[in-house]
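Keep the sequence and the 3D view open while you read.

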Amino acid sequence: MPAVWMGIARLGGVAPLINTNQRGNALLHSINVAKCDYLIFSDEYQSAVQDVAGQLSPSLKLYKFTHRDLNSSSGKSGEGGDAIQDFTNLLETTPPATWTLADGEGFEGKLLYIYTSGTTGLPKAAVISNARFVFMAAGIHFWRLNSSDIIYCPLPLYHTAGGVISVGQALILGCTVVLKAKFSASQYFPDCAKYNATAAHYIGEMCRYVLATPPSPADTQHNVRVIYGNGLRPQIWTEFVKRFNIKYVTEFYGATEGNANIANTDGTPGAIGFVSRIIPRVYPIAIIKVDQETGEPIRDQKGLCQLAEPNEPGVFIGKIQTRNPARQFLGYVDKSASEKKIVRDVFEHGDSAFISGDILVADELGYLYFRDRTGDTFRWRGENVSTTEVEAAVSRCADHRDAVVYGVLVPNIEGRAGMCGLVDAAGTLDLRALHERLARDLPVYARPVFMRIMDSVDMTGTFKMKKTDLQKEGFDPALVKKDKLYYLDPKLGQYLPLGKEEYEKIVSGQIRL
């Protein structure tokens, strides 16, 4: 895949990297929003392409990459007939093009479109320039990595983490990168040993999945000295590095479409970066005060944004400097979507910044910690509830099961009640014991009021849990067909089954939460 998009770049073209899990409308959206002229796909995705072929533009040319021995006999078209050409055959039979300077835009020109992970709706195509590709790869490399490293990467290559940051270690910095087609928690460190990896990449919930595997001698029979990525939660950080004998962790933070990245370079558990409290305005990044529910900046009397105080949650921003390739905001292919990510009149009238939508908090020293996504934080009983913190607590108390937390509206009650979707495919979860553990870990207002016990939870390609559909269905048994629902009885201090009768009593106020 990197070889294909490098060839496209050499011709001066742009390669949108489409999530291979997409089907139907989401796939159509990704093709159309990027204004694609060609679609290259491998043979295992032919049925997904054919399902939408009738709705694709007639001018769109289709090329199928066929997994087979090179230079073996093959027809010039795939199973789809002449409309779908055999890309592998073309690669084998087309003479190399003359090596001339591509008619592109140079270092600051467009290289890739990478789609946002789509946790809150249809994905948006973010613009990655040559300069940004180099900056992102180099930014991670010079913290603990070197060109002799062998890096294990079981991440998909259609997102920034695997496709830019890890692939970039090979293309730009000369490292060896081991690509694994699919992540396996039980094979993570055995694979590292097998391929003599000295560094490894993680993302999202990967570390929790690896930690949930049974202890094994393979836990320490490897040569990995550094792991890097984003999503290693503070609650499991120390346990993870101790069990797997990891010397260094580089936890970094950055949005695909953003212009600012930060990294925890000294291994402070749970931190994602550092900004000095002494001279904060020198940095191209900041945390500003916002309304926790709407995400709108809170401005002073002059109409300017305000820096968040120590331990005060705020939104992360990156100052936009149009003449600095590292500080430019390239945004999305959709310009109207780009405009929504820009905040103006930040620290002086006329300036601007990329607003991430992520709630962070900085401690007294300047270490930054991820708190939540704007809109995910909700108020209940007059208190702000962080879904990220509750998810971590529930997962830890439920033997590292997948847990997704969101706020739901309850008629005639102010705020949103916490609801938790919890995976229990084997049916072994003890809800009474879970509540007892949560009572020790979480304040009353943060404990989930509703529980939804599920067989599985939908994940994005970067191992983030999707919650949009769950939130829409709420705690109504008429909408939640296959999963079991429970509500927390405050008097009994335990979760009770929630059916149609209980739902109606909660809505009418007969059952008090």
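The questions below go from confidence to helices, then to loops and cysteines.

This is a predicted model: local features need pLDDT of at least 70, side-chain atom pairs count only at pLDDT 80 or more, and totals for chains, interfaces and linings use all residues. Residues are numbered from 1 along each chain as its sequence is written, and side-chain values use heavy atoms, with hydrogens and water left out.

Q: What pLDDT does the protein average?
A: pLDDT is the predictor's confidence in each residue, from 0 to 100. Of the residues, 94% score at least 70. Over residues 75–81 the pLDDT is below 50, yet this stretch has 16 contacts in the model beyond near neighbours in sequence (contact means heavy atoms within 4.5 Å). The protein average is 88.

Q: At roughly what angle do the axes of α1 and α6 cross?
A: Helices (H or I, at least four residues) and strands (E, at least two) are DSSP runs, numbered from the N terminus. Axes are lines fitted to C-alpha atoms, for helices over the stretch in contact, and angles run from 0 to 180 degrees between N-to-C directions. The axes of α1 (residues 2–10) and α6 (residues 160–171) come within 12 Å. They cross at roughly 80°.

Q: Is α1 roughly parallel or roughly perpendicular to α6?
A: Angles under 35 degrees count as roughly parallel, over 145 as roughly antiparallel, 65 to 115 as roughly perpendicular and the rest as oblique. The crossing angle here is roughly 80°. That makes α1, relative to α6, roughly perpendicular.

Q: Which residues of α1 meet α6?
A: On the α6 side, the contact holds G163, V167 and L171. The residues of this contact divide into five nonpolar, one polar and no charged. Here Ala, Val, Leu, Ile, Met, Phe, Trp, Tyr, Cys and Pro count as nonpolar, Asp, Glu, Lys and Arg as charged, and the others, Gly among them, as polar. The α1 residues are P2, W5 and M6.

Q: Which residues of α5 meet α6?
A: The axes of α5 and α6 come within 8 Å and cross at roughly 75°, so the two helices are roughly perpendicular to each other. On the α6 side are T160, G163, V164, I165, G168, Q169 and L171. The contact divides into seven nonpolar, five polar and no charged residues. From α5 come F133, M136, A137, I140 and H141.

Q: What covers the buried residues of α2?
A: Buried means under 20% relative accessible area, exposed over 50%, partly exposed in between (1.4 Å probe, protein chains only). In α2 (residues 24–33), the residues A26, L27, L28, S30, I31 and V33 are buried. Their cover includes β2 (38–42), α3 (46–52), β5 (110–115) and β6 (125–129).

Q: Why is α11 described as largely enclosed by the rest of the structure?
A: Helix α11 covers residues 387–397. Its buried residues are T387, T388, V390, E391, A392, A393, V394, S395 and C397.

Q: Which residue with a positive phi follows α11?
A: Most residues other than glycine have a negative phi, and most peptide bonds are trans. Just after α2, K35 takes a positive phi of about 55°. After α11, the phi is positive, near 60°, at D399.

Q: What is the relative accessible area of R144?
A: R144 sits in the loop between α5 (130–141) and β7 (150–153). Its phi is near 85°, a positive value in a residue other than glycine. R144 is partly exposed, at 36%.

Q: Is F183 buried or exposed?
A: F183 lies in the loop between β8 (176–179) and α7 (188–194). Not counting residues up to four places away in sequence, F183 touches P154, Y188, M206, Y209, V210 and F463. With a relative accessible area of 14%, F183 is buried.

Q: How many disulfides does the count come to?
A: A disulfide is here a pair of cysteine sulfur atoms within 2.5 Å. The sulfur of C397 is 11 Å from the closest cysteine sulfur, in C420, too far for a bond. C397 is also buried, at 6% relative accessibility. The count of disulfides comes to zero.
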